[in-house]
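Q: I have a model open and would like to learn how to read it, feature by feature. Could you walk me through it?

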Amino acid sequence: MAAPHYRRSGVLFPFINHWCCKLHHHHLQLWRGSELYAQFQWQPDLPLPPQLDHLFSTLPAAFAWRDSLEFIVDAPHVNYLLVPWPEGITRPRELRQYARLLLVEQLGEQPEMKVSFLRSGFGEDAFAALLNKTLLASLKQVARQHRLRFTGCSTPFSNLLNRFGRTLPENALFASTGEQESSFAFRWQHRWHTVFTLHLPHSDRLQQLETANRLAGLPPLKRYVADSEAGTTYAAENNPDD
């Protein structure tokens with residue numbers, strides 16, 4: 001008897017694309033792994049969702065819900081804060097609400113914000129990232145509209161800090177740098193010390209780092225830089241005196 005013949009009906013495990021959309025000060029970028037697949041200039045005077053639709057119109061045809069999508073959101077689309085842990089607060093939920101109040105004091109308005117703490121210990125001053133909930137809903141809608149599996153939002157700092165595992169450096173300058181605007185977070189004696197964003201349009205990256213270090217009032221620190229617009233997710237730069 002002849003052996004049975006089974007006809008292949010297709011690929012059992014088709015290739016899956018893991019897309020990453022990065023929102024920066026000047027650009028909206030779509031990455032596939034380490035490849036910059038598409039990029040458009042962000043128009044701050046226009047609504048963001050139609051601009052994202054234009055960016056995602058470049059996607060190749062694919063099976064619905066096969067590919068995944070994450071967003072990496074940087075300033076000015078996200079706000080970074082150093083949030084002191086006040087006396088009387090006993091729960092992270094209370095500290096998140098306090099972070100929202102601090103942002104209201106800075107912005108003079110009260111948008112609904114999602115608060116995430118970046119590698120911050122209980123009872124210590126916290127490094128917080130605050131994302132407008134309306135923007136978050138728009139990002140999720142973009143994923144649904146293009147039938148991509150939404151895997152979440154992060155910041156360049158999230159990915160940078162994750163490189164260190166469970167133990168962060170005792171003293172360090174962490175930065176997310178861009179062409180016009182850069183954000184900085186400082187650790188000093190194992191604690192978050194200072195967090196701020198600077199508009200430095202005519203400075204190169206080294207000048208930005210030196211300026212930020214002086215403004216923080218700290219001695220020269222070891223520097224860890226995410227230049228996400230250029231696609232560099234992690235870089236370490238020694239002190240100028242090393």
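This is a predicted model: local features need pLDDT of at least 70, side-chain atom pairs count only at pLDDT 80 or more; totals for chains, interfaces and linings use all residues.

Q: Is Lys-114 buried, exposed or partly exposed?

A: Here the cut-offs matter: buried means under 20% relative accessible area and exposed means over 50%. Lys-114 has a relative accessible area of 42%, so it is partly exposed.

Q: How many helices and strands does the protein have?

A: There are five helices and 13 strands. Contacts tell you how the chain is brought together: of those with a separation of 6 or more, 55% are between residues 24 or more positions apart.

Q: What percentage of the residues count as buried?

A: The general idea comes before the number. In soluble globular proteins, nonpolar side chains tend to be buried together. In this protein of 242 residues, 43% count as buried.

Q: Which residues have the most contacts inside the largest nonpolar core?

A: They are Cys-21, Leu-52, Phe-56, Phe-71, Phe-127 and Phe-174, in a core of 40 residues. Helix α3 (residues 133-145) gives the most to this core, with five residues. For a view from one member, take Phe-127: beyond four places in sequence, the residues it touches include Tyr-80, Phe-117, Leu-161, Trp-192 and Val-195.

Q: How many aromatic pairs does the structure hold?

A: For ring pairs, look at both the centre distance and the angle between planes. The structure holds 14 aromatic pairs. One of them, Phe-164 with Phe-174, is edge-to-face, at 5.8 Å centre to centre and 85° between the planes. Phe-164 sits in the loop between α4 (156-162) and β9 (172-176), while Phe-174 is in strand β9, ten residues apart. Phe-174 counts as buried because its relative accessibility is 0%.

Q: Which residues form one aromatic cluster?

A: Tyr-80, Phe-127, Phe-157, Phe-164, Phe-174, Trp-192 and Tyr-224 do. Trp-192 also has a charge over its ring: the charged end of Arg-187 sits there, 4.9 Å from the ring centre. Likewise, the charged end of Lys-22 sits over the ring of Trp-31, 4.5 Å from its centre.

Q: Where is His-77 placed?

A: You will find His-77 in the loop between β4 (68-73) and β5 (78-83). At 10% relative accessibility, His-77 counts as buried. A polar atom of its side chain lies 2.8 Å from the backbone oxygen of His-24. Not counting residues up to four places away in sequence, His-77 touches Leu-23, His-24, Trp-42, Leu-131 and Leu-135.

Q: Which residues is Asn-159 in contact with, leaving aside its neighbours within four places in sequence?

A: Those contacts are with Ile-72 and Ser-154. Asn-159 is found in helix α4, and its relative accessibility of 27% makes it partly exposed. Sequence distance and spatial distance can also be read side by side: Asn-159 and Ala-226 are 67 residues apart along the chain, and their C-alpha atoms are separated by 8.6 Å.

Notes: Residues are numbered from 1 along each chain as its sequence is written. Side-chain values use heavy atoms; hydrogens and water are left out. A nonpolar core is a set of buried Ala, Val, Leu, Ile, Met, Phe, Trp, Tyr and Cys residues joined through side-chain atoms within 4.5 Å. Buried means under 20% relative accessible area, exposed over 50%, partly exposed in between (1.4 Å probe, protein chains only). Helices (H or I, at least four residues) and strands (E, at least two) are DSSP runs, numbered from the N terminus. Contact means heavy atoms within 4.5 Å. Rings of Phe, Tyr and Trp (its six-membered ring) pair if their centres lie within 6.5 Å; planes under 30 degrees apart count as stacked, over 60 as edge-to-face and the rest as tilted. A charge sits over a ring if NZ of Lys or CZ of Arg is within 6 Å of the ring centre and within 35 degrees of the ring normal. A polar contact is a pair of N or O atoms within 3.5 Å; within protein, one must be able to donate a hydrogen and the other to accept it, and residues adjacent in sequence count only if both atoms are side-chain atoms.
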